Amino acid sequence: MSKLVVRAFSISLDGYGAAPEQSLENPFGKGGMVLPQWAFPTRTMQRMVFGKEDGETGIDEDFAARSFENLGAWILGRNMFGPVRGPWPDDSWKGWWGDTPPYHVPVFVLTHHARPSIEMNGGTVFHFVTDGIDSALRQAREAAGGKDVRVGGGVATVRQYLARGLIDEMHLAQAPVLLGSGENLFAGLDLAALGYAVGERVSSPKATHIMVTKQR
């Protein structure tokens, strides 16, 4: 059965999934690049993001590999697609990842500003959804063909789906750092009241991997 999932989502000890002042130079905000340092050296990320065939194995790699299993579509907030704000000035920006993004399936980008779909190398097609998270989820489920739909972020997008209790499963990678400010994943959300509970928990030197699941 298709699930709506969050996977390999990096947060700080104090719950921040991004630092302030995201920009082209600082995609995770100023100081935010400390969050995903567990993931970048893994074999999965080296292969899928950087086009290399080597990389680290172990606990972090196990979770990185699991994060791409059985995916049929993604949902992204606009900030996860790029730093451009307001109406699209032109069609030149096509994401952070170059001509071959690491998705390889349809990706539905939440935005207030319409834009034609973009077909990229490797099977990724970016679709821009202007009528909200329910429409994005409906379109993503249709495109996924029974496979899982992954909400890739950012924080605001994950929070919207969590607040509605729509996320079935969430893998958080908690980095051993404090950010102090930015976008807090948990602010104002009572996950227990929404029916979420902590399941699997495994630590590596770089992160604590926590599975949070919706109880049915």
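1. Let's start with a glycine: Gly 132 sits in the loop that links strand 6 (125-129) to helix 4 (133-144). Helices here are DSSP runs of H or I with at least four residues, strands are E runs of at least two, and both are numbered from the N terminus. With a relative accessibility of 29%, Gly 132 counts as partly exposed (buried is under 20% relative accessible area, exposed is over 50%, partly exposed is in between; 1.4 Å probe, protein chains only). Its C-alpha atom is 15 Å from that of Arg 115, 17 residues away along the chain.

2. A word on what you're looking at. This is a predicted model, where local features need pLDDT of at least 70 and side-chain atom pairs count only at pLDDT 80 or more, while totals for chains, interfaces and linings use all residues. Residues are numbered from 1 along each chain as its sequence is written, and side-chain values use heavy atoms, leaving out hydrogens and water.

3. Nine strands make an open sheet with mixed pairing, in the order 5-6-4-3-7-1-8-11-10. Strand 5 (118-119) and strand 10 (196-203) are the edges, each pairing on one side only. Two strands pair if DSSP finds at least two bridges between them; strand 10 and strand 11 (residues 208-214) have six and run antiparallel. Val 202 faces His 209 of strand 11.

4. Which residues of helix 5 are buried? In this helix (residues 155-163), they are Val 155, Thr 157, Val 158, Tyr 161 and Leu 162. Looking down the axis, the buried residues fall within an arc of 165°, so they line one face of helix 5 (the arc is taken from the directions from the helix axis to the C-beta atoms). Just past helix 5, Gly 165 has a positive phi of about 70°.

5. The largest pocket holds about 1200 Å³ of space. Of its 46 lining residues, Phe 28, Met 80, Trp 97, Tyr 103 and Gly 152 are closest to the centre. Elements giving two or more residues to the lining include strand 1 (4-11), strand 7 (148-153) and helix 5. A pocket here is an open set of points on a 1 Å grid over the protein atoms alone, where a 1.4 Å probe fits, with protein on both sides within 12 Å along at least five of seven lines; lining residues have an atom within 4 Å of a point. The volume is the space filled by probe spheres set on the points.
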